[in-house]
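The sequence and the structure are shown first.

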Amino acid sequence: MRHLSGGSPRAWRSASLVATAAALLALTTACGQDTGDQAANGQNVGNQAPAKDDGYGAGDGYGADSGDAGKGADAKAKSAGQLAVWDSKKLGKVVTDSEGFTLYRFDKDTAQPPESNCDAACLKAWPAVAADGAKAAPGVDASLLGEVTTADGTKQLTIDGWPMYRYAQDAKPGDAKGQGVGGTWYAAAPDGKKAAPEAADAAPVDPAGLSTRKDPKLGEIVVDKNGMTVYRFTKDSAWPMKSACTGACLDKWPVVEPVAKNDTKGILKKGFVTFDRPDGKKQQTIDCWPLYTFAGDKKPGDTNGQGVGGTWYAASPEGKPVGAPK
């Protein structure tokens with residue numbers, strides 16, 4: 001076969017291989033696989049596993065690159081001065097220094113006895129708060145303040161034994177960028193504990209349709225979703241289910257309307273069925289016993305219906321009349 005290049009077949013094949021290799025190299029480089037960016041094992045650097053976090057809060061082990069230390073709060077250990085309290089909706093009550101910078105505590109430290117486990121490199125990212133000149137926040141017991149010596153010899157402020165730090169990444173008063181870093185650093189409360197929202201700030205939980213409460217005189221009794229006491233009438237019967245409270249009686253003793261089984265807490269599920277009354281109303285039962293509330297109870301916790309007429313008694317979680325004669 002005659003080649004248009006006029007060269008030998010072997011030379012032509014060599015040129016083709018070179019051209020193919022060059023094209024492949026160009027394609028590889030365009031896809032970000034340039035050999036100059038590869039690790040020694042041939043793996044692309046961009047795909048390497050991240051540096052191991054040892055709990056200080058980042059790959060370098062301390063929660064921030066040491067080159068960033070010194071931003072915001074000073075990297076040097078300086079006194080907090082007059083401590084104050086910042087009421088954060090997200091974090092709760094947080095202790096700050098006199099300039100408004102958040103103070104932190106470290107889970108790897110100990111309070112009893114007080115000990116700092118943030119070494120010299122760690123302190124570049126988490127500057128210790130000097131104990132000298134620190135004053136307790138208004139309303140906080142001054143005896144909670146103390147000191148401990150850090151790895152670099154600083155006399156560090158403690159609150160209830162916990163060493164206090166600032167975070168180098170907090171750039172301005174009110175910042176709390178150190179919260180939760182590495183799962184070990186947390187904003188400190190005025191008493192040295194981890195700052196946390198008060199329970200009242202949590203979303204309210206709707207009460208169950210039927211649940212129980214501990215009455216100081218009667219023990220565990222059933223209440224409705226409004227916290228009102230639920231009663232049994234001893235003239236009723238469970239089998240067959242029958243209510244002896246009719247007509248005007250229902251004005252004083254309204255029936256408990258049907259409640260879903262999954263809308264209960266601490267209630268016996270056996271015989272938890274709806275009773276179809278002759279007057280057309282539907283009434284909830286426990287163990288097949290009809291349930292009522294009392295019009296004479298004005299607020300949650302009232303038990304004014306207990307023992308009325310010797311026939312009305314608060315219902316137990318099992319549907320029994322609490323305190324009724326045997």
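## Tryptophan 86 and its surroundings

In this predicted model, tryptophan 86 touches Gly92, Lys93, Val94, Thr96, Thr102, Gly174 and Ala176, when residues up to four places away in sequence are not counted. The residue belongs to strand β1, which covers residues 84–88. With a relative accessible area of 28%, tryptophan 86 is classed as partly exposed, because that category lies between the limits of 20% for buried and 50% for exposed. The C-alpha atom of tryptophan 86 is separated by 9.2 Å from that of alanine 189, although the two residues are 103 residues apart along the chain.

Strand β1 pairs with β2 in the antiparallel sense over five bridges, and a hairpin of three residues joins β1 to β2. Within this pairing, aspartate 87 stands opposite lysine 93 of β2. Strand β2, which spans residues 92–96, is mostly covered, with four of its five residues buried.

## Overall make-up and confidence

The chain contains three helices and 18 strands, and buried residues make up 38% of its 326 residues. Of the contacts in the chain with a separation of 6 or more, 65% are accounted for by residues 24 or more positions apart.

The mean pLDDT of the chain is 80, and 75% of its residues reach 70 or more.

## An open sheet of three strands

Three strands form an open sheet in the order β6-β7-β8, with antiparallel pairing. The edge strands are β6, at residues 145–149, and β8, at residues 162–163, each of which pairs on one side only. Strand β7 comprises residues 155–159 and pairs with β6 in the antiparallel sense over five bridges. In that pairing, the bridge partner of threonine 149 is lysine 155 in β7.

## Backbone features in the loops

Most residues other than glycine have a negative phi, and most peptide bonds are trans. Against that background, the peptide bond from glutamine 112 to proline 113 is cis, with omega near 0 degrees, and proline 113 is placed in the loop between β4 (110–111) and β5 (114–115). The peptide bond from tryptophan 239 to proline 240 is also cis, with omega near 0 degrees, and proline 240 lies in the loop between β13 (237–238) and β14 (241–242).

Aspartate 287 is not a glycine, yet has a positive phi of about 55 degrees; its place is in the loop between β16 (282–286) and β17 (289–290). Cysteine 288, found in the loop between β16 and β17, has a positive phi of about 75 degrees although it is not a glycine either. Aspartate 287 has a relative accessible area of 24% and is partly exposed, whereas cysteine 288, at 18% relative accessibility, counts as buried, because the limit for that class is under 20%.

## Arginine 277

Arginine 277 is found in the loop between β15, at residues 274–276, and β16. Although this residue carries a side chain of the charged class, arginine 277 is buried, with a relative accessible area of 5%. Leaving aside neighbours within four places in sequence, arginine 277 is in contact with Ser243, Cys245, Thr246, Leu250, Val255, Gln283 and Tyr292.

## The largest pocket

The largest pocket has a volume of about 220 Å³. Its lining consists of Gly209, Asp224, Lys225, Asn226, Val255, Val256, Glu257, Pro258, Val259, Asp263 and Thr293. By residue class, this lining divides into four nonpolar, three polar and four charged residues. Val255 is one of the lining residues and is also among the contacts of arginine 277.

Note on methods:
Residues are numbered from 1 along each chain as its sequence is written. Side-chain values use heavy atoms; hydrogens and water are left out. Helices (H or I, at least four residues) and strands (E, at least two) are DSSP runs, numbered from the N terminus. Buried means under 20% relative accessible area, exposed over 50%, partly exposed in between (1.4 Å probe, protein chains only). Contact means heavy atoms within 4.5 Å. On a 1 Å grid over the protein atoms alone, a cavity is a set of points where a 1.4 Å probe fits but cannot get out, and a pocket is an open set with protein on both sides within 12 Å along at least five of seven lines; lining residues have an atom within 4 Å of a point. Grid points are joined across faces, edges and corners, and a volume is the space filled by probe spheres set on the points. Two strands pair if DSSP finds at least two bridges between them. pLDDT is the predictor's confidence in each residue, from 0 to 100.
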